[in-house]
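Let's walk through this model together, one question at a time. Keep the structure open beside you as you read.

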Amino acid sequence: GFGAAGSGLNRFDPASGKAQVYRSDPADPRTISSDSISAIVRGPDGALWIGTGGYAVPGNGLNRFDPAAGTFTRYVNLPDQPASLGGNDVLGLFLDPSGVLWVALYGAGLDRLDLNQPGGKFVHSRNDPFNPQSLSSDQTWSLLMDRSGVMWIGSVNGGLNKLNPQ
């Protein structure tokens with residue numbers, strides 16, 4: 001979203017021709033955290049990881065959608081919990097072949113979540129103005145892994161970052 005609030009998640013079943021809409025209900029933590037969806041990737045277990053927010057639309061973190069149960073698990077920034085999601089405005093998601101979910105956060109840098117590890121601990125990468133090897137900007141936007149395994153991180157005001165896994 002670039003300024004207009006979203007309308008939730010729509011699921012279409014081509015076999016039946018029916019659609020189901022999932023909307024946010026702040027009182028029900030099993031619903032999607034926000035109707036403004038910015039990114040979706042499918043996990044190795046078939047679950048969908050859904051980012052919320054946008055350039056000018058406030059987000060409410062990351063969601064894991066279980067298609068069989070039709071329920072969501074919310075991941076949001078909790079300032080008193082350092083291993084929680086680093087920020088709530090998710091602009092990009094990428095799942096690499098090793099099972100690590102990369103999360104581009106507008107204003108909060110880059111997070112990684114290893115889906116193979118129980119417990120859901122997010123690892124944060126941020127800009128450090130005193131370290132030229134750090135992320136160039138915390139306004140991350142897009143993610144791409146090339147064939148050689150190098151992660152490319154696009155930012156709003158810091159150019160392009162190249163992260164070699166070695």
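Q: Which residue forms a salt bridge with aspartate 28?
A: Keep in mind that this is a predicted model. The closest N and O atoms of the pair are 3.2 Å apart, and a salt bridge is counted within 4 Å. The partner of aspartate 28 is arginine 30.

Q: Is arginine 30 buried or exposed?
A: The cut-off for exposed is over 50% relative accessible area. Arginine 30 has 54% relative accessibility, so the residue counts as exposed.

Q: How many salt bridges does a search of the whole structure find?
A: Among them are the pair of aspartate 28 and arginine 30 and the pair of aspartate 45 and arginine 64. Arginine 23 and aspartate 35 also meet in a salt bridge. The search of the whole structure gives a total of four.

Q: Why does the salt bridge of arginine 23 and aspartate 35 tie together parts that are apart in sequence?
A: The two side chains meet at 3.1 Å, N to O. Arginine 23 and aspartate 35 both lie in the loop between S2 and strand S3 (37–42), so the parts that the pair ties together are apart in sequence by twelve residues.

Q: How many residues apart are aspartate 45 and arginine 64?
A: These two form a salt bridge, with their closest N and O atoms 2.6 Å apart. The pair links distant parts of the chain: aspartate 45 is in the loop between S3 and S4, arginine 64 is in strand S5, and the separation is 19 residues.

Q: Which residue in S6 does arginine 64 stand opposite?
A: Arginine 64 is partly exposed, with a relative accessible area of 22%. Its strand, S5, pairs with S6 in the antiparallel sense over five bridges. The residue opposite arginine 64 is threonine 73.

Q: Which residue in the turn between S5 and S6 has a positive phi?
A: S5 and S6 form a hairpin, and four residues lie between them. The phi in question is about 75 degrees, and the residue is glycine 70.

Q: What kind of aromatic pair do tyrosine 22 and phenylalanine 72 form?
A: A search of the whole structure finds five aromatic pairs. In this one the rings are 5.7 Å apart, centre to centre, with 75 degrees between the planes. Planes over 60 degrees apart count as edge-to-face, so the pair of tyrosine 22 and phenylalanine 72 is edge-to-face.

Q: Where in the chain do the two partners of that pair lie?
A: Both tyrosine 22 and phenylalanine 72 are buried. The pair links distant parts of the chain, 50 residues apart: tyrosine 22 is in strand S2 (residues 18–22) and phenylalanine 72 is in strand S6 (residues 71–75).

Q: Which residues form one aromatic cluster?
A: Tyrosine 22 and phenylalanine 72 already pair edge-to-face. A further ring belongs to their cluster, which consists of Tyr22, Phe72 and Phe65.

Q: Which ring does the charged end of arginine 112 sit over?
A: The charged end is 5.6 Å from the ring centre, and the distance limit for such a placement is 6 Å. The ring is that of tryptophan 102.

Q: Is serine 84 buried or exposed?
A: Serine 84 lies in the loop between S6 and strand S7 (90–95). Beyond its neighbours within four places in sequence, serine 84 is in contact with several residues, including Leu78, Asp111, Phe122 and His124. Its relative accessibility is 9%, so serine 84 counts as buried.

Q: Is proline 58 buried or exposed?
A: Proline 58 also sits in a loop, between strand S4 (48–52) and strand S5 (62–66). With a relative accessible area of 65%, proline 58 is exposed.

Q: How many strands are there in the protein?
A: Read along the sequence, the pattern is β-β-β-β-β-β-β-β-β-β-β-β-β. There are zero helices, and the number of strands is 13.

Definitions and conventions
Residues are numbered from 1 along each chain as its sequence is written. This is a predicted model: local features need pLDDT of at least 70, side-chain atom pairs count only at pLDDT 80 or more; totals for chains, interfaces and linings use all residues. Side-chain values use heavy atoms; hydrogens and water are left out. Helices (H or I, at least four residues) and strands (E, at least two) are DSSP runs, numbered from the N terminus. Buried means under 20% relative accessible area, exposed over 50%, partly exposed in between (1.4 Å probe, protein chains only). Rings of Phe, Tyr and Trp (its six-membered ring) pair if their centres lie within 6.5 Å; planes under 30 degrees apart count as stacked, over 60 as edge-to-face and the rest as tilted. A charge sits over a ring if NZ of Lys or CZ of Arg is within 6 Å of the ring centre and within 35 degrees of the ring normal. Contact means heavy atoms within 4.5 Å. Two strands pair if DSSP finds at least two bridges between them.
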